[in-house]
Amino acid sequence: MKTLTLAAGLLAATSVVADTPVLTVYAPDYFTSEWGPGPSIEEAFEAQCNCDLQYSAGDLLPRLMLEGDKTRADIVIGLNTDVTAKARASGLFDPHAQDNTALDLPVEWGDDVFLPFNWSYVSFVYDATKITSPTSFEDLAKIDGKIVIQDPRSSISGLALVLWVKAVYGDQAEEYWARLAPKILTVTKGWSEAYGLFTSGEAEVVLSFNTSPAYHIVAEEDTTKQAAIFSEGHYPYFELVGKVASTDQPELADQFMAFVLSDAFQSLIPFTNWSYPAAQPVSEWPEAFQVLPRPNAAVMYSEDEAEAIRKQAIEEWRRALSR
Amino acid sequence: MAPRLVPITAGLVVCGLTLGPLFALIAHAGIGGSLLAADWAALRFTVMQAAVSAVVSVILAVPVARALIRRQFWGRGFVLALLGAPFILPVIVAILGLLAIFGQNGLLNIALAEIGLPKLSIYGAHGVILAHVFFNLPLAVRMVLFGWQAIPAEQVRLAHSLGLARWTFFQVLEWPMLKRVLPSACAVIFVICLSSFAVALTLGGGPKATTVELALYQAFRYDFDFEKVAMLGMVQMGLSLGAAMIAISVRVPVVGQGLDRSISLGDTSWPVAVWDAAWISIALAFLGLPIASVVVDGIGGLWDLPKSVWPALGRSLWMALISSALAVALGAALASRTGEILATLAISMSGLVLGSGLFFFLRAWVNPFDFALFVTVLMNALMSVPFVVRILRPTCEATAQNYGRLARSLGLGWPAWGLWVALPRMRRSLGFSLGLSAALSIGDLGVIALFGSAETATLPLVMYQLMGSYKIEAASGAALLLMMAALGLFMVFDRWGQNARA
């Protein structure tokens, strides 16, 4: 019977204690952990909302799709651009009702449903003690070292890379992958495995973000891990927040969406999420982020283009790397 | 000896918790979707690597287990405990441990460079198999060990006093035991390897090493194609049940009777001693070195651990205790041929199929996400049942065969049988089962990744969160803590079992 008591205890723990309105935010695990941005964002928002912000961590969209309009979520934070087409089509989200001109991004943001709250460029991070920086995809195919990438079928950064290569090479993408293949040590399920392989010295280059070195510089005073900036331009990577249509706290949810664009929120991003804030000009970023090398151009498919091209681009990648 | 009702109930529970979610998923989403060329390639690779991994693990387990049962040496208990470790390591930790030895700059390649030989690359199908053998060899060894321990000592002594030649001894006593234990061990390892995902992909070196589990993950996470999830779940189940059927079709009678004296296979000739020592050393190096590297990497990180690991550790510990008790109760009730097949169901399907199916099944009444920990405990228990069944079955059957008639003639009731006859004789395998399932449960990320939340984070989840936030050093510390907790639990139960007087 112990399990029953346990179940009852769990149920009680999730029900609301006081009359304070509760804003339920679905967020990824890393976001809500004590060293992620979640706790400080919760504190800052609760200071102004007279409410109780509660995170519920886990898989975002699969969970939301399973729950449908019975979901308790008011806000979903931490979505990626690769799932926005599906998320939009589900009809589970309301327009974000914020002014997109408040954003400061390398691309024009026309989406009125999903609001980016931080961003960075997908980049190859290398160990500067072992190789010199490649400056283009062609350079990358000639490095004296090995690369670890993520699988586009299971990882968002892996998919971004495949789209990036497709945007740069078009019809020649498969041929480029075939040329790069000998340098690819292996392909991992997600970012963590790949980055772990890189930091343990197994590979000289890893697919990550151009803001990754900021962590090593700030937290570890290690300047040997650097992002390679390619002359072809880079694929930007956005993390998004959306307002759930079936929310029972529409005003609180709107207040939170506005809070996302405020300085209080945006200033927390760099050192907790190791990425650029989405609604602050470069001059307001912390210095460690201002001095990070940035590509001079962003290459990116629109949501519809990406959705149309995704299957083919992944298949080309798979064929070239399976040879 | 147990009333029929017990195994039937246990069987229904296991079936309900595995087939139930699958059927709920099919009822909700239908079943369909087509297998693309890439899916077929994945299916072929999945079956191939699982079959080879299982056969290699089991073949290597025989000489290692034989050496361990023949030799008494200082630290033998430690070696046996160490044999439990690889099985419970989180995948990513095990991969990094293996790479410290077999990777690009691992010990092996450093040694090869010293003597002027070219680098060996672990990446490829052989790397996948190496990793799967690393995970599963210890399990196979322990299953074979229990087989040997179930051979009555009287028979061994009789064989010795008859002066049977070594080969005849093998044919008469050991071969029938192996014929019973090996197919079953092989089947369970095959089934575990079927659902391999991160190991296969990372060490396989790229999309050539894609498994069915990846297709499932893709259908679930990106395409929300539950029809295809259901179909791939059926494919996994079909393959697993097929393997389990083949395994139990090898019919072997239980080896003779005895009075439970402990076995002695002592062989004093020195070539045999050298042979055994070699096998023990190889196994120890192969399994121990990657683990040693996990320890070395993690020690520094232990001091960087955030305070949230402690509640997570506590949560993981009690969850492990509950789920191991559940697993052993179910496993003991199902320790039979039919039970073995039923239990295989529990590990045949991906956690994603069970998780999403369970959701559709429960959502009419409750929101399953409110019961994250409860669901995780249940799922972890279920995942351990197939191992428990296989560990308990040889001793269980031997006990029934040896004492069944006596008990019947005495009119011994079911509780008395359990307490006085079965329990003392099965304590060793019960202890191991409890330890193994507790350790398995504590190391498992499983459905918590789908259902988990910050307040309910378990230790493996905290470890992944640390990795995801660049805190690799602290993550290594968490991995070490996890390994120590799992080994600690395992050793406590196993020690309890080893102290069996019988």
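Figure 1. Helices (H or I, at least four residues) and strands (E, at least two) are DSSP runs, numbered from the N terminus. The model is predicted: local features need pLDDT of at least 70, side-chain atom pairs count only at pLDDT 80 or more, and totals for chains, interfaces and linings use all residues. Residues are numbered from 1 along each chain as its sequence is written, while chains are lettered from A and ligands numbered from 1 in the order in which they are written. Helix 10 spans residues 212–220 of chain A, and A:S212, A:P213 and A:A214 in it are buried. A buried residue has 20 or more other C-beta atoms within 10 Å of its own; 12 or fewer make it exposed, anything in between partly exposed, with C-beta atoms placed from the backbone. The buried residues of helix 10 of chain A pack against strand 5 (115–127), strand 8 (205–209), strand 9 (225–228) and helix 14 of chain A.

**Figure 2. The loop between helix 13 and strand 11 of chain A.** A:W274 lies in this loop, between helix 13 (269–273) and strand 11 (276–277) of chain A. A:W274 is not a glycine, yet has a positive phi of about 50 degrees. A:W274 is buried, with 23 other C-beta atoms within 10 Å. A:S275 is found in the loop between helix 13 and strand 11 of chain A. A:S275 counts as buried, with 23 C-beta neighbours inside 10 Å. A:S275 and A:S120 are 155 residues apart along the chain, but their C-alpha atoms are separated by 5.6 Å. Leaving out residues up to four places away in sequence, A:S275 touches A:N118, A:W119, A:S120, A:F209, A:T211 and A:I269. Contact requires C-beta atoms, placed from the backbone, within 7 Å.

**Figure 3. The two domains of chain A.** The domain assignment of chain A gives domain 1 (18–119 + 237–290) and domain 2 (121–235 + 294–322). Such bounds come from an automatic or database domain assignment. The C-alpha centres of domain 1 and domain 2 of chain A lie 26 Å apart. In chain A, 14 residues of domain 1 are in contact with 18 residues of domain 2. On the side of domain 1 of chain A that touches domain 2 of chain A, helix 5 (84–89) and helix 14 (287–290) of chain A each supply at least two residues.

**Figure 4. The largest nonpolar core.** This core has 274 residues; B:V14, B:I189, B:V385 and B:A478 have the most contacts inside it. A nonpolar core is a set of buried Ala, Val, Leu, Ile, Met, Phe, Trp, Tyr and Cys residues joined through C-beta atoms within 7 Å. Helix 17 (residues 372–410) of chain B gives the largest share of this core, 18 residues. Domain 1 and domain 2 of chain A both give residues to this core, so it lies between them. Not counting residues up to four places away in sequence, B:V385 touches B:V14, B:A327, B:L330, B:G331, B:L334, B:A343 and B:A346.

**Figure 5. Helix 14 against helix 17 in chain B.** Helix 14 (residues 309–333) of chain B packs on helix 17 of chain B at an angle of about 45 degrees, with their axes 7 Å apart. Axes are lines fitted to C-alpha atoms, for helices over the stretch in contact, and angles run from 0 to 180 degrees between N-to-C directions. Helix 14 and helix 17 of chain B are therefore oblique to each other. Angles under 35 degrees count as roughly parallel, over 145 as roughly antiparallel, 65 to 115 as roughly perpendicular and the rest as oblique. Among the residues that meet are B:A327, B:L330 and B:G331 in helix 14 of chain B and B:N380, B:A381 and B:V385 in helix 17 of chain B.

Notes
Contact = placed C-beta atoms within 7 Å.
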